[in-house]
Every structure is written in C-alpha cells, then in structure tokens.
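Hi,

Here is the structure I said I would pass on. Have a look at it first, and then read my notes below.

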Amino acid sequence: MPATETSPTPQVSVIIPARNEEASLGSCLESLVAQTGVPIEIIVVNDHSTDRTAEIAASFAGVRVIEAGALPERWTGKNNAVIAGVRAARGFWLLFTDADTVHLPGSLARALAEAQEHHADLLSYSPEQIAVTFWEMAVLPVVFAELARQYPPSKVSDPDSPEAAANGQYVLITRAAYEAVGGHAAVATSILEDVALARAVKASGRKIRFRYAADAVRTRMYRGFRQLREGWTKNLALLFPYPGRLAVKTLLLWSLPWIVVCLKIAGLLTAAGWYGIAVATLGFQTFRIARAKFRLTMTLLGAIFGMPMFAYLLLRSKRAHAQGHVSWKGRTYEGTEPPVSNAIKRTSLAPGKLA
C-alpha cells in the first residue's frame with residue numbers, strides 16, 4: 001500500500017520533527033511517500049521554522065503538517081515537536097526519524113518485519129553516514145567507532161545486558177511500549193532523548209534491537225564544519241561518561257606515531273625499529289576506526305586528522321555542558337542532563353492525547 005493511501009488505522013505513524021530543514025526535507029519525504037508494503041501516515045512537525053520547511057512538507061500529497069506549538073520551559077525543541085506529532089498520530093507503531101534521513105525502498109516494511117521477528121518493542125537503526133566536506137569525512141569515522149565501543153549493538157540488543165541505546169535518526173517503537181514508559185514527555189528536558197528513551201524501555205523489561213543499517217536508511221547529519229562542531233558539542237559529553245579522559249586517551253594514542261617520527265628525524269632515536277612502532281601504532285588506530293564501517297579513505301583521514309579533532313570536540317562539549325550553555329539551531333539549553341530513572345512512569349497516550 002503506498003504511503004499516501006488513506007488508511008482508517010495506519011500501522012505505522014512516521015513523525016518527523018523539522019526546524020529549518022529546507023535543504024534536506026524534500027529528499028526525506030520523497031523516500032517516505034514511496035514506501036510500500038505497510039499502511040503508514042506521515043506527520044511533519046514544523047518546529048518554528050523560518051525557511052521553506054513547512055511549504056516543502058505541504059507540497060507532498062498525503063503528508064500532514066502540524067505546528068510544534070509553544071516550547072515549555074527547559075524542554076528541548078525536538079522533544080516538544082515529537083510530542084506534538086504523537087498527539088496527532090494514529091498508528092500502532094511510531095517511527096521517529098529526522099528530516100535529514102533518506103529511506104531506501106521497502107525499508108519500513110522490512111524494519112517492521114524485523115522488529116516483529118525479534119519480538120522487539122523498540123527497533124533503532126544507525127544509518128549510513130554520508131560525508132561530503134573534509135571535516136565530515138575525518139571526524140565521523142572516529143566518532144562512530146567510539147560510539148560502537150561505548151554502545152555495542154550486540155549488548156544493546158541483549159535483554160540480559162544493562163546496555164541501552166538508540167539513534168534518534170531512526171526509532172521504531174510500539175505505541176504500547178511508548179505509552180508505558182511515558183514517551184518523550186518523560187524525557188522532555190533531555191538533550192540526548194534517544195538514549196534516555198531506550199534506557200527507559202529496557203528498564204521496563206521490554207526488548208530493544210539496535211544495529212547498523214546501511215541497507216535501510218542513510219543520512220547526512222551535518223552540512224559543513226560549523227554544524228558538525230555545534231552538533232557534536234551538544235551530544236558528546238552526554239554520549240561518553242568520561243569525555244575528558246577519552247579526549248586525553250585519544251590524543252595520546254594519536255600523537256605517539258608522530259612523536260616517534262619526529263624524534264627519529266631529529267636523530268634522537270637511532271634504532272630502525274622505531275619506524276616499525278610508528279607504523280604499527282598508526283595501523284592499530286586505523287583498525288580501531290575501521291569498525292565504524294566507513295570507506296578506507298575516510299578511515300585513514302580519521303586516523304590522521306579526525307582523532308585530534310574528536311578530542312577537541314569532546315573537551316568543547318564537556319566545557320559547554322559544565323557552563324550550562326549548549327546551543328543548537330538557534331536555541332540555547334542549560335546542558336544539564338537529568339539522570340535516567342529506572343522507575344517507569346506509566347501514562348495513557350491514546351491517539352490525540354499526550355500527558
């Protein structure tokens with residue numbers, strides 16, 4: 001069934017929070033309205049955009065466009081927009097996805113079948129990351145390699161492991177599970193709402209499935225260095241428990257081969273084996289980054305240039321959160337993340353209502 005076909009009760013409600021997304025929203029919606037195999041509704045929540053976001057969304061037949069409404073104190077803009085979308089949603093499943101994603105043909109039907117096959121209440125995909133500029137290509141492999149170590153998908157998907165995570169670019173969740181944990185209303189002040197929601201779902205005893213999914217969805221997260229710096233400054237200190245330590249560790253590992261080479265050239269190291277140590281260390285760095293599954297050229301850029309930039313971004317993020325000044329898309333947040341409680345808040349979120 002085409003995405004735009006009217007269904008009394010859509011199986012999946014696709015909710016897209018959008019704030020000044022005119023550069024990417026069109027491609028996202030083109031990929032979603034073309035989805036087949038599952039009855040869906042598509043809801044774009046215009047989050048006080050000042051560009052053509054709402055106009056672009058309205059140009060797609062069958063796509064509902066609603067306004068996010070006033071932003072409550074301390075809530076993040078994305079959470080406020082998503083909650084507005086849920087109020088209007090009618091589906092048994094909810095798919096939260098970002099305006100900068102592109103969904104491969106038939107991917108939503110396959111995702112739904114995968115969630116049902118694995119009895120997952122929440123399925124989250126880590127999309128294929130599209131990088132265009134130099135710093136995108138250098139930094140993204142390092143960030144995602146470290147994320148894979150911090151949140152191993154095998155452990156996140158293991159009901160016996162306490163690890164929980166999700167990628168907010170693609171979160172498919174049953175309405176029943178969403179309601180049971182309080183949904184985004186329970187994490188409305190959280191900047192890292194995807195991980196907070198995943199932790200609440202897993203703490204409630206429900207199952208999560210999380211994996212890299214280049215076969216389903218791709219995204220270009222940041223368009224240039226300025227967006228990349230602002231976006232990772234917002235997130236990194238929350239994604240990693242000890243960002244300062246990780247920054248120092250990253251810098252030490254990155255600097256070792258270059259220190260060896262410099263000392264060798266200066267004649268302070270005479271044994272020929274030192275070059276071998278430098279090459280082996282660089283190879284080890286490349287191997288660590290390769291797990292992020294980017295192409296070889298980007299992996300090498302990450303090992304040579306991305307690691308020190310990642311350390312800088314970690315420290316910048318740590319400082320921004322410590323100072324309570326985190327900026328994103330023209331808004332400033334306090335940068336203090338509330339602890340994720342294991343106590344599950346149960347609310348009633350019937351279609352059209354949100355506590």
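Helices here are DSSP runs of H or I with at least four residues, strands are runs of E with at least two, and both are numbered from the N terminus.

Before going on, please note that this is a predicted model, where local features need pLDDT of at least 70 and side-chain atom pairs count only at pLDDT 80 or more, while totals for chains, interfaces and linings use all residues. Residues are numbered from 1 along each chain as its sequence is written, and side-chain values use heavy atoms, with hydrogens and water left out.

(Axes are lines fitted to C-alpha atoms, for helices over the stretch in contact, and angles run from 0 to 180 degrees between N-to-C directions.) On the helix 9 side the contact includes Phe225, Leu228 and Trp232, and on the helix 12 side Met309, Phe310 and Tyr312 are among the residues met; contact means heavy atoms within 4.5 Å. By class, this contact has 12 nonpolar, four polar and four charged residues. (Ala, Val, Leu, Ile, Met, Phe, Trp, Tyr, Cys and Pro count as nonpolar, Asp, Glu, Lys and Arg as charged, and the others, Gly among them, as polar.)

**A pocket beside them**

Which element gives the largest share of the lining of the second largest pocket? That is helix 9, with five residues. Helix 12 and strand 11 (326-328) also supply at least two residues each. The lining includes Arg226, Glu230, Arg316 and Val326, and its classes are two nonpolar, five polar and five charged. The space in this pocket comes to about 270 Å³.

For the terms: on a 1 Å grid over the protein atoms alone, a cavity is a set of points where a 1.4 Å probe fits but cannot get out, and a pocket is an open set with protein on both sides within 12 Å along at least five of seven lines; lining residues have an atom within 4 Å of a point. Grid points are joined across faces, edges and corners, and a volume is the space filled by probe spheres set on the points.

**Two cavities**

There are two cavities of 30 Å³ or more. The largest has a volume of about 80 Å³, and helix 5 (134-150), helix 10 (243-265) and helix 11 (273-290) each give at least two residues to its lining. Helix 5 supplies the largest share, four residues.

The second largest cavity has a volume of about 60 Å³. Helix 8 gives the most to its lining, three residues, and Phe96 and His184 are among the lining residues.

Finally, seven strands form an open sheet in the order 3-2-1-4-8-6-9, with mixed pairing. Its edges are strand 3 (63-67) and strand 9 (208-212), each pairing on one side only. Strands count as paired if DSSP finds at least two bridges between them. Strand 4 (residues 93-97) and strand 8 (residues 170-174) pair in the antiparallel sense over five bridges, and tryptophan 93 has threonine 174 in strand 8 as its bridge partner.

Cheers
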